[in-house]
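Please look through the structure below alongside its sequence, and keep both at hand while reading. The paragraphs that follow lead from single residues to the chain as a whole and back again.

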Amino acid sequence: PQELVEYVLSTVLTRKVLSEKPRICDPACGSGIFLVEAFRRIVRDQMAERGARLDAQELSDILLRRIAGIDINPEAVRLAAFSLYLSYLNYLEPRDIRTAGPLPRLVYRTGDKADSAALGVADALSPMLSESDGTATSQDPSRQEVLPWPEGSFGVIVGNPPWDEPRGGETSRAEIWAKRNNRPVGYRSPSQLFMWRTLSLLHPDGTAALLVAAMAFPNVRPT
């Protein structure tokens, strides 16, 4: 719900945090509701500081360098991009839209620079640049097998990762990552996996707020 998103971000994106201009990531962004509200808060903060509107280039720079989202579902990532475009256009006058040129390309493609796109279609537990040789192995050009950022890239991480625990099937990429990095996980809990992953995505001085099931913390089952 929008009210819960606003509550989380009002707690995390304080004036002090925004003044440090962190890059904000949602590692399971879905349709982008956290990213859209984070973008709005960054824009409003900068407009209040300046006392004037931002131009198209400044808004584009915020999208490309201050916002990042990852999701395994390509359709969700496209929807997140569409939602961010609407928010971007909302801060421009019609005459500015006509002269601004093409919209910034938000969805990352293999081979792009890390700061050249905001959204990636990937498993958030895919290797990061510092965990692999940087080459992609997926046969699907819309999917990336290496996240385009090094460890500790984000000053703020927010989101609502998956809660459902898979009951069977093959070992997932996330579980392989957890085992390789000695991260204990109870009953294949994705909430636990995303909390562990957040620590590697987050800058040492960063802040994170994830909405997870309460049982992700007192999970003392044998596995």
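In which loop does Cys 29 lie? In this model, which is predicted, Cys 29 is placed in the loop between β1 and α3. With a relative accessible area of 4%, Cys 29 is buried, because buried means under 20%. If residues up to four places away in sequence are not counted, Cys 29 touches Leu 35, Gly 69, Ile 70 and Asp 71. The chain also brings Pro 161 into the picture, for although Cys 29 and Pro 161 are separated by 132 residues in sequence, the distance between them in space is 8.1 Å, C-alpha to C-alpha.

With that residue located, the chain as a whole can be taken in. The protein chain has eight helices and five strands, and, read from the N terminus on, its elements follow the order α-α-β-α-α-β-α-α-β-β-α-α-β. Of its 223 residues, 45% count as buried. Among the contacts between residues at least 6 apart in sequence, 70% join residues that are at least 24 apart.

Confidence is highest in strand β1 (residues 24–26), at a mean of 97, and lowest in helix α7 (residues 173–180), where the mean is 79. Over residues 133–142 the pLDDT is below 50, and this stretch has nine contacts in the model beyond near neighbours in sequence. Where pLDDT is low, the predicted coordinates should not be read in detail.

The next feature is a pair of packed helices. Two packed helices are described by the angle between their axes and the distance between the axes. For helix α3 (residues 33–50) and helix α4 (residues 56–66), the angle is about 135° and the axes are 11 Å apart, and the two helices are therefore oblique to each other. Their crossing is right-handed. On the side of α3, the residues that take part are Phe 39, Ile 42, Val 43, Gln 46 and Arg 50, and in α4 they meet Glu 58, Leu 59, Ile 62, Leu 63 and Arg 66. Sorted by class, this contact of α3 with α4 is made up of six nonpolar, one polar and three charged residues.

Ser 10 and Glu 37 are 27 residues apart in sequence and 10.0 Å apart in space, C-alpha to C-alpha.

Finally, the backbone deserves a look at two loop positions. Most residues other than glycine have a negative phi, and most peptide bonds are trans. Lys 21, in the loop between α2 (15–19) and β1, has a phi near 55°, a positive value in a residue other than glycine. Asn 182, in the loop between α7 and α8 (190–201), likewise has a positive phi near 55°. As for accessibility, Lys 21 is partly exposed, with a relative accessible area of 46%, whereas Asn 182 is exposed, with a relative accessible area of 67%.

Note on methods: Residues numbered from 1 in each chain as written. Predicted model: local features only at pLDDT ≥ 70, side-chain atom pairs only at ≥ 80, totals over all residues. Heavy atoms only, no water. Axes fitted to C-alpha atoms, helices over the stretch in contact; angles between N-to-C directions. Helix = DSSP H or I, 4+ residues; strand = E, 2+ residues; numbered from the N terminus. Parallel < 35°, antiparallel > 145°, perpendicular 65-115°, else oblique. Left-handed = near helix turned anticlockwise from the far one by under 90°. Contact = heavy atoms within 4.5 Å. Nonpolar A, V, L, I, M, F, W, Y, C, P; charged D, E, K, R; others polar. pLDDT = per-residue confidence, 0-100. Buried < 20%, exposed > 50% of the residue type's maximum accessible area, 1.4 Å probe, protein only.
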